[in-house]
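Hi,

Here is the structure I promised to pass on. Have a look at it first, and my notes follow below.

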Amino acid sequence: MRSPFKLAAVGDIVLTRPSIPGSGVSEGLATVLGWLDGADVRFANLETVYSERGYPREKLITLRGNPKLVDDLTQMHFDVLSVANNHSVDFGEDSLLETIRLLEDSGIRTVGGGASLDAALAPAVFEVGPTRVGFMAASCLLPVGSAASADRPGLAPIHIHSSFEVDPYIQMEEPGHAPVVHTWPDQADLSALCDRIGAARSRLDFLGVSVHMGRGFGEDLAEYEPLVGHALIEAGADVVLGNHVHAIHGIESYAGRAILYSPGNFVAQQPREGQPPEVLAIYDQMSPDAYAAELHVTAKGDYRLVVRPVICDADGLPVPAGGEDGERICERVVDRKSVV
């Protein structure tokens, strides 16, 4: 006999400095963490490795923090974190594996990365009374060499293909007009993940799947995102938890299940000191608006979704968003531009 439970899910975490100084926690942050504490299982996407190993990869932005910061994540009471994203291998595979070890040793489960593809695809399972709740994760953003294989550490991958459609009639009158970009998931990667989802779901009462997906900070979804989201629901996912774009994208109801394309930033402490202008320009485009999602799941497995607006303060930490901020965030969640 399954029992009802509550799941809390937030978006991207880039935690790079001490933020939980005991009694010094701000009232706003304490309120948000109180929301998380009210859930049986708490999930987020972690975009920072905590390690002193490795060297920065040749890429525009590389992120890592002091291993001691894992204590802050522990005090935020997260139960499971996805490491399937484009920053988890910024300092190489050893730093990824050390981060996973530190988190697991601290009681925080990880999904989406590991010492092999099997490890990266393995679900984290929680028992909430008699109910078995699982999580899995994969990334569609894959810097060269970051995808796991049978004999290589890394991330659970969904490679994305792109093509560019040029309209000759537009080019005749508007030379240089940007082409239309078409994107679609690699079928072998998607099928492999869906097979794992189906196998895991047969042993679980509820399954959440995180996907790192989307592009930049635009208003619209990339073409491949609903293709991936729908496939994962059809394979057995009960909720799809999107992340990456550092802005709010909409929520879609598909086959009676929710696809949260992006809740936005939860902790936004991207280091700015010493960064080149092009990196600072990217950071300046990131929205402070976000939300925390609560899924109130019944014993039958259906659920009610509650959205709590939050906003990142000057320290990059989440606080409740009320008044005009809250209204703006709620409007953004249901903006049809970002929902299929």
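This is a predicted model: local features need pLDDT of at least 70, side-chain atom pairs count only at pLDDT 80 or more; totals for chains, interfaces and linings use all residues.

Histidine 246 sits in the loop between β14 (239-243) and β15 (248-254); helices (H or I, at least four residues) and strands (E, at least two) are DSSP runs, numbered from the N terminus. This residue has a positive phi of about 55 degrees although it is not a glycine. At 7% relative accessibility, histidine 246 counts as buried (buried is under 20% relative accessible area, exposed over 50%, partly exposed in between, with a 1.4 Å probe and protein chains only).

Residues are numbered from 1 along each chain as its sequence is written, and side-chain values use heavy atoms, with hydrogens and water left out.

Histidine 77 also has a positive phi, near 70 degrees. Its place is the loop between α2 (70-75) and β5 (80-82), and with a relative accessible area of 39% histidine 77 is partly exposed.

Which residues does phenylalanine 135 touch? Leaving out residues up to four places away in sequence, the list includes Leu7, Val41, Phe43, Val80 and Gly208 (contact means heavy atoms within 4.5 Å). Glycine 208 belongs to strand β13 (residues 206-212) and is buried, at a relative accessible area of 0%. Beyond its neighbours within four places in sequence, glycine 208 is in contact with Gly134, Phe135, Met136 and Val239.

As for the whole chain, I count 9 helices and 20 strands. Of its 340 residues, 54% count as buried. Among contacts with a separation of 6 or more, residues 24 or more positions apart account for 70%. The C-alpha trace spans about 65 × 50 × 45 Å along its principal axes.

Cheers
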